Amino acid sequence: MSSLPRRVKSEAKALKSEDDELPSFLNSSSESEEEEEEWEPKSKIAKRPRLPKKNEAKPKKAAAPRSTVARKRVRKVAVKEEMDVSLPIAGAEDNRMQLLNLKEEDVGTKPKTLNQKPEVPKKMEMNLFQGKNVKSFESDEKPSTSVPVMGNQVKHEKSEEDFAVDEPPLKKIKSTTCPEGKPVKNLGGNKVKEEFEMNWDIVQALSEITNVEPWVCANLIRLFQEENTIPFIARYRKELINNLEADALREVQQTLEELRTVAKKTHTTIQKLKKEGKLSGCLLTALLNCRTLEELDHVSAPYKSGSKGTKAQRAKQLGLEPAALSLLQNPMGLNLLSYIRPNTKGLSTVQEVEAGVQHILADIFAKDKDTLDFVRKLCQQRCIFIQSALAKVSSKSGNEKDIDKFQLYHAFSCNIKNIQHHQILAINRGENLKILTVKVNIPDGVKNEFCWWCVNERWRPKQFLKPDLMRILRNSVEDAYKRLIYPLLCREFRSKLTSDAEKESVMMFGRNLRQLLLTSPVRGRTLMGVDPGYKHGCKLAIISPTSQILHTDVVYLHSGQGFREAEKIKSLLLQYSCSTVVIGNGTACRETEAYFADLIMRKYFAPLDVVYCIVSEAGASIYSVSPEAAKEMPDLDPNLRSAVSIARRVQDPLAELVKIEPKHIGVGMYQHDVSQTLLKATLDSVVEECVSFVGVDINICSEILLRHIAGLNANRAKNIIEWREKNGPFINREQLKEVKGLGPKSFQQCAGFIRFNQEYIKTFCSNKKTELGSHALLTKAGALAKKKSKPAPCASRQPNPLDQTCIHPESYNIATRFLSFIGGNANDIGKPDMQQKVNAVVQKEGLEGTAKRLNTTVHTLQLIIDGLTQPESFDIRTDFDKPDFKRSIVCFEDLSVGTILTGKVENATPFGVFVDIGVGRAGLIPMRNITEAKLSKVKKRRSLGLGPGERVEVKVLNVDIPRLRITLDLIRVL
């Protein structure tokens, strides 16, 4: 830059600092801005040089011919900035779009020649196309750049291999950038271009809130912008996210949406205030500093159009603002008597003038960022309590039953740092029902220290202050704290506590739902589902091991006909060789369970050894009358459909439970009190994650299950089923591209989660070999005659053994090279021979050495190894718990302190875990009784806690018969 003329250097410097300035459309030149900046303390005043407007919106106008020096300047600055912002992202197709977007946004002033394909030396072009020995992608020292470089013009700055020239090297990024998820350097300059810019960096803000490394946050922002799904990112982009789990990804995604909502609302508010002529420089800065909706509401509330306005606004309308500013800047020249207007309300006496000045000063103090930051820091150092008490109105007139539910909170007080999430939700519910009154108690010491700091440091006048003016200043500070700042702090504390509690509640619901969906399926059994009932009888449904409905019936067990109905049940069980009964846990469950337990104990069903289990029937009734159930079982009565659903929940829980809206499954806590939008988004994401990670066989799965695969939706699932019905079974993953509406992005997201049963496909292909061969030749000839670009169907009719694995098609090339390296055959996938060959190579070379030899990442190689060595029928759910089958029953009255029982976890909450021990009421294991030492070391778990479906051994600690409560202690996890 030293060789450039002075004018060019100054312009380049201005361009370089442009990111730190406010957008040009937000600049305000009103008189109020000048007045505001007069009285501001020196520490707050920042000189802002007026910069040339950005040319991002109209890049074509900037393409006028320029001198060679000017073109060099633009290119150098652009390259420097790009090297600061770029974080490598995997995926060739997506990166191409990402980098093209960055070229348009950040290099908006470049000449037209930059938009054309650059001329690259042949030797360099070959190296880049082959993707070999590109140092800039291998090293952590130099972040990759996405700025196109023009031939020889940058050779004096960097070597050829340090730049990404045109598109070919993008394919290299996928496999070699950031090996093992190591962060790139210079993270301070890494910024992500957002639609709405604020005074804070979204990457840093996201990192601070979620405690995730900034480089991971930057990668995630770009991955989400490219419409990648959470299951795809969690499985196939591990090196870019530092191996984060799906729950952490969801938290980052939700926080990112919240920050973007704040930014969007802020800019909407700015535009509105600018249109109304109320926007000043200080107000603009305060708005762009807001990070939460509460802060934004606090700053913008006085400027909302209303009938009266705030006290400060009314005082300003009376012309008292110069007096308030003078008190801080030039108190010696201030004479309040000169502002008295006897016939004007608000100015008729000295006291009214003083009150107006006080209101303006209080408003200034309450909007100042440094002042608010100081008082928040004070609160962090003190003990802040949240207190609840029984409301006076509810104690006089209210439902005693509802009031008793909140007995714990009638005189409740707790430090906000120690309060539990379920306590916050309980207090909020009691307040909404007008049973409780809630307040936040901030110690007086905070107020005293805050007032002293304001008067003596932050807002200390520049000149000597007369006693009466000092009194006004002190009163203004106290008024600002009591009337404006204290309520703001209370709202912030309540909002933060509620937000955290709601998020934890939703996350807990999601964890419970995942545990329930991943319950191990019971394969190869004929099952009898029983939907218990009194008056209308118990509905029966017998289903085959392949989920086909064999028989449905209704029996009346609890109306004096139990003995006669027992003969019918026995004949049905013997007829269909069914030895497993599944009972729903709804009305009459205990009586029905006792009925079957009695018959089993008397060996009534001999020679069959019958067992039974209890399963949750939550949502079964809603599903039985849904359009999906009517379409699936059109000839069945809705009451009988629920019995079928109950049986299928044991046979394949995932396939059955996805048919029900997640919030109806009933494993949550305070689910009706939390944000329904957040709840639905989280639960749908959990269902998508579970279905995707388990995988589906594309040729036999239902449309409902297919909808929940990552990258698919209702329309795409419907199109896949229609294609399957029209063309026969899918032979390989490539055929998915032929489905209407399933483009490259959808294929990328869903392909790795779709499976193909190789035995079924081989049988199908052998039966249709001759027909398919002739059809393929005819189709190929016709396609070439009509449209040369159409791929030949015969090429896509070949089965690929890798399609039965979790390996993504983008890694097939690496998998093939790995197979050649170990001397394996794709037809031996999942066999012991393959396992031996893989183990031998990995032990010899090591995982990292093998990955380096194959020019890929350790995460990708590990995924390939898993896919090649897992058995053909591998199911991740085999590690999870199966239903608890029983033959006998225990009554509530039989329980005594010290009794050892086994049970199954029903629900998990922040305060404890509910366990079904077979007595009709679930017992509670308090959270303090669940320690790491008691949990299984073998089983992988996401957090310290138990989830629905897990089998546990417990000891009875207390039995409260009047309240039907059982307290348990965890002995061990079975």
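A charge sits over a ring if NZ of Lys or CZ of Arg is within 6 Å of the ring centre and within 35 degrees of the ring normal. By this criterion, the charged end of Arg458 sits over the ring of Trp459, 4.4 Å from the ring centre. The charged end of Lys570 likewise sits over the ring of Tyr604, 5.1 Å from its centre.

The model is a predicted one, in which local features need pLDDT of at least 70 and side-chain atom pairs count only at pLDDT 80 or more, while totals for chains, interfaces and linings use all residues. Residues are numbered from 1 along each chain as its sequence is written, and side-chain values use heavy atoms, with hydrogens and water left out.

Rings of Phe, Tyr and Trp (for Trp, the six-membered ring) pair if their centres lie within 6.5 Å; planes under 30 degrees apart count as stacked, over 60 as edge-to-face and the rest as tilted. The structure holds twelve such pairs. In one of them, the ring centres of Phe450 and Tyr481 are 5.6 Å apart and the planes meet at 40°, so the pair is tilted. This pair links distant parts of the chain, since Phe450 belongs to helix 22 (residues 444-458) and Tyr481 to helix 23 (residues 467-517), 31 residues apart. Helices (H or I, at least four residues) and strands (E, at least two) are DSSP runs, numbered from the N terminus. Phe450 and Tyr481 are both buried, where buried means under 20% relative accessible area, exposed over 50%, and partly exposed in between (1.4 Å probe, protein chains only). Tyr604 and Phe605 form an edge-to-face pair, with 5.7 Å centre to centre and 80° between the planes; both residues are buried. Elsewhere, ring pairs link Phe232, Tyr236, Phe693 and Phe753 into a cluster.

Helix 9 can be examined by its length and its burial. The expected span of a helix is 1.5 Å times one less than its number of residues. For the twelve residues of helix 9 (residues 214-225) this gives 16 Å, and the end C-alpha atoms are 16 Å apart, which agrees. The helix is mostly covered, with ten of its twelve residues buried; among them are Trp215, Arg222 and Phe224. Glu227, which follows helix 9, has a positive phi, near 65°.

Attention now turns to the strands, two of which pair if DSSP finds at least two bridges between them. Five strands form an open sheet of mixed pairing, in the order 6-5-4-7-8. Strand 6 (549-555) and strand 8 (611-615) are the edge strands, each pairing on one side only. Neighbouring strands of this sheet are turned by 20° against each other on average, direction ignored. Axes are lines fitted to C-alpha atoms, for helices over the stretch in contact, and angles run from 0 to 180 degrees between N-to-C directions. Strand 5 (residues 538-543) runs antiparallel to strand 6, joined by six bridges, and Ala541 stands opposite Thr552 in strand 6. Helix 28 (residues 638-651) lies across strands 4, 5, 6, 7 and 8, running at about 50° to strand 5; contact means heavy atoms within 4.5 Å.

Strand 11 (residues 900-909) is mostly covered, seven of its ten residues being buried. Five bridges join strand 11 to the antiparallel strand 12 (residues 912-916), and the two form a hairpin with two residues between them. Within that pairing, Lys904 stands opposite Asp916. Five bridges also join strand 11 to strand 14 (residues 951-960), again antiparallel, where Glu953 is the bridge partner of Thr902.
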